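Have the structure open as you read.

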Amino acid sequence: AGLAVSFVNSCIYIAIPSTKNRFEPPSIWAATAELSLDELKRYMADVRLAEDLVADLNLNTRIWSKQ
């Protein structure tokens, strides 16, 4: 499935279907932690995806605020 977008009041909600837990970064604090370069690259790609969505949709621009 593709990207899902919802508008509620003045908010936009974007859902990206995935089997990954995108709310948990790779564990670097566990006693047995071994973070591979590939895992770090995948995590950073997820972070860049979120940053790109904000930039592409101008979500950091306040267009509705009162002057």
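## Starting at Leu-57

This is a predicted model. Leu-57 has a relative accessible area of 44%, so the residue counts as partly exposed, a class that runs between the 20% and 50% cut-offs. As for location, Leu-57 sits in the segment that follows helix 1.

## The greasy patch

Which residues make the nonpolar surface patch? Leu-57 is one of them, together with Leu-3, Val-5, Phe-7, Ile-12, Ile-16, Leu-49, Val-54 and Leu-59. The patch covers about 760 Å². Two elements each hand over two or more residues to the patch: strand 1 (4–8) and helix 1 (37–56).

## The hairpin

Strand 1 pairs with strand 2 (residues 11–15) in the antiparallel sense, over five bridges. Val-5, already met in the patch, stands opposite Ile-14 of strand 2.

The two strands form a hairpin, and two residues lie between them. In that turn, Asn-9 takes a positive phi of about 55 degrees.

## The chain as a whole

Zooming out, the protein chain holds one helix and two strands, and along the sequence they read β-β-α. Buried residues account for 1% of the 67 residues. The chain exposes about 6,400 Å², with carbon and sulfur atoms supplying 57% of that area.

How about contacts along the sequence? Taking contacts between residues at least 6 apart, 24% join residues at least 24 apart.

Terms used: Residues are numbered from 1 along each chain as its sequence is written. This is a predicted model: local features need pLDDT of at least 70, side-chain atom pairs count only at pLDDT 80 or more; totals for chains, interfaces and linings use all residues. Side-chain values use heavy atoms; hydrogens and water are left out. Patches are made of residues with over 30% relative accessible area and no salt bridge: like charges are joined within 9 Å, nonpolar side chains (Val, Leu, Ile, Met, Phe, Trp, Tyr) within 5 Å. Accessible areas come from the Shrake-Rupley method with a 1.4 Å probe; for residues, only the protein chains shown count as cover. A salt bridge is a side-chain nitrogen of Lys or Arg within 4 Å of a carboxyl oxygen of Asp or Glu. Helices (H or I, at least four residues) and strands (E, at least two) are DSSP runs, numbered from the N terminus. Buried means under 20% relative accessible area, exposed over 50%, partly exposed in between (1.4 Å probe, protein chains only). Contact means heavy atoms within 4.5 Å. Two strands pair if DSSP finds at least two bridges between them.
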